[in-house]
Amino acid sequence: MIVTIFGASGRTGRYLLRKVLEKDYTVRAFVRDKSNLPIRDQRLETIEGDVQDLASVEAAVAGSDAILSALGWKRNSRKDVLSEGAKNMVAAAKKHNVG
């Protein structure tokens, strides 16, 4: 099973990432900055991108069996990052038939 996790470098995202790897699944960790994700595993692919960029989100979701979101908001985040990110994740999931 391939699981794409959005916001994988944050506190909740890292927790989800570890739990999914424990299940022996392959993980695509979608993050803004790869240097913020110190976890390494042969089943882990780290994808650097912007959740507000639909093409990046679609590329990360293509071929996935499931997606998880651990997106968070910080003071320097754009105010619509969560809503736009959610919209893009849903659109990508529909396009690539991810349930």
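Residues in these legends are called buried when their relative accessible area is under 20%, exposed when it is over 50%, and partly exposed in between. The model shown in every view is a predicted one.

**View 1. R11 in helix α1, and its separation from K87.** R11 lies in helix α1, and because its relative accessible area is 78%, where exposed means over 50%, this residue counts as exposed. The C-alpha atom of R11 is separated by 22 Å from that of K87, a residue 76 positions away along the chain.

**View 2. Strand β1 and its pairing with β2.** The parallel strands β1 and β2 are joined by five bridges. Among the partners, I2 is bridged to T26 of β2, and V3 is bridged to V27, also of β2. Of the five residues of β1, four are buried, so the strand is largely enclosed by the rest of the structure.

View 3. The side chain of R28 reaches the backbone oxygen of A60 at 3.0 Å. When neighbours within four places in sequence are left aside, the contacts of R28 include I2, V3, T4 and I5, as well as E45 and I47.

**View 4. The salt bridge between E45 and R28.** Side chains of opposite charge can pair when their charged atoms come close. In this view the side chains of E45 and R28 meet in a salt bridge, with 3.6 Å from N to O. E45 counts as partly exposed at 41% relative accessibility, whereas R28 counts as buried at 14%.

View 5. The closest N and O atoms of the salt bridge formed by D41 with R43 are 3.0 Å apart. D41 counts as partly exposed at 28% relative accessibility, and R43 is likewise partly exposed, with a relative accessible area of 21%.

View 6. The side chains of E58 and K95 meet in a salt bridge, at 3.2 Å from N to O. Distant parts of the chain are linked by this pair, for E58 lies in helix α2 (residues 54-61) and K95 in helix α3 (residues 81-95), 37 residues apart. E58 counts as buried at 17% relative accessibility, whereas K95 is exposed, with a relative accessible area of 53%. Elsewhere, salt bridges that share partners join D24, D41 and R43 into one network. In total, the structure holds six salt bridges.

View 7. Which residues of α2 are buried? They are V57, E58, A60 and V61, and, seen down the axis of α2, the buried residues fall within an arc of 160 degrees, so they line one face of the helix. On the other side of α2, A55 and A59 are exposed. What covers the buried residues of the helix includes the strands β1 (2-6), β2, β3 and β4 (66-69), together with helix α3. Just after α2, G63 takes a positive phi of about 85 degrees.

Terms used:
Residues are numbered from 1 along each chain as its sequence is written. This is a predicted model: local features need pLDDT of at least 70, side-chain atom pairs count only at pLDDT 80 or more; totals for chains, interfaces and linings use all residues. Side-chain values use heavy atoms; hydrogens and water are left out. A salt bridge is a side-chain nitrogen of Lys or Arg within 4 Å of a carboxyl oxygen of Asp or Glu. Buried means under 20% relative accessible area, exposed over 50%, partly exposed in between (1.4 Å probe, protein chains only). Helices (H or I, at least four residues) and strands (E, at least two) are DSSP runs, numbered from the N terminus. A polar contact is a pair of N or O atoms within 3.5 Å; within protein, one must be able to donate a hydrogen and the other to accept it, and residues adjacent in sequence count only if both atoms are side-chain atoms. Contact means heavy atoms within 4.5 Å. The arc is that of the directions from the helix axis to the C-beta atoms. Two strands pair if DSSP finds at least two bridges between them.
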